[in-house]
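Hi everyone, thanks for coming.

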Amino acid sequence: MAQFSLSDLEKIIGERARSGDPESWTAKLFAKGIDKAAQKLGEEAVETVIAAVKGDRRALVSESADLIYHWLVVLGIAGVPLDDVLRELEGRTGRSGVAEKASRSKG
Ligand SMILES: N=c1c2ncn([C@@H]3O[C@H](COP(=O)(O)OP(=O)(O)OP(=O)(O)O)[C@@H](O)[C@H]3O)c2ncn1[C@@H]1O[C@H](COP(=O)(O)O)[C@@H](O)[C@H]1O
């Protein structure tokens with residue numbers, strides 16, 4: 001199991017966005033704004049779809065990482081915390097009773 005979470009990546013993105021480092025891709029995307037970042041997100045989504053359809057497992061892992069990174073950049077520029085998305089997902093588990101079942105199984 002990886003010792004790295006989406007929350008860790010969100011934190012790194014926030015720090016790099018504020019760094020103003022000219023070498024930082026994150027800082028560059030934040031400077032370019034939501035249109036460019038959203039465009040990159042779309043490109044990475046298409047590349048992920050292509051990898052999946054081709055059955056290219058290695059590319060699917062790599063493109064998924066690019067996709068998630070650019071998705072978090074878009075959330076950051078839009079001022080939407082990752083936690084808002086996780087809460088939305090958490091709320092959806094309740095609809096199917098999965099959260100209750102998981103909680104019951106913990107004892
Ligand atoms: N996870 C990522 C990550 N995934 C992808 N990318 C960058 O996303 C960019 C766009 O990918 P493309 O394949 O489209 O590259 P490109 O063809 O050069 O881009 P364009 O020609 O379209 O401008 C590349 O420069 C990748 O390096 C990332 N850049 C940064 N991170 C994370 O953010 C941290 C901070 O990075 P910096 O902000 O660069 O310091 C890193 O340590 C990583 O943890």
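Before the helix packing, a word on how to read the angles: each axis is a line fitted to C-alpha atoms over the stretch in contact, and angles run from 0 to 180 degrees between N-to-C directions. Please also keep in mind that this is a predicted model.

With that in hand, look at helix 1 and helix 2. Their axes come within 7 Å and cross at roughly 70°. Since angles of 65 to 115 degrees count as roughly perpendicular, that makes helix 1 roughly perpendicular to helix 2. At this contact, helix 1 brings I13, R16, A17 and S19, and they meet T26, A27 and F30 of helix 2. Sorted by class, this contact has four nonpolar, two polar and one charged residues.

Now to the ligand. Which residues are around it? They are I12, R16, S24, W25, T26, A27, D66 and Y69. Helix 1 (6-19), helix 2 (25-32) and helix 4 (57-78) each give at least two residues to this shell, and helix 2 has the largest share, with three. The shell's classes are four nonpolar, two polar and two charged residues.

That takes us to helix 4. Just after helix 4 comes G79, with a positive phi of about 75°.

That's my tour; happy to take questions!

Notes
Residues numbered from 1 in each chain as written. Predicted model: local features only at pLDDT ≥ 70, side-chain atom pairs only at ≥ 80, totals over all residues. Near = placed C-beta within 6 Å. Helix = DSSP H or I, 4+ residues; strand = E, 2+ residues; numbered from the N terminus. Nonpolar A, V, L, I, M, F, W, Y, C, P; charged D, E, K, R; others polar. Parallel < 35°, antiparallel > 145°, perpendicular 65-115°, else oblique. Contact = placed C-beta atoms within 7 Å.
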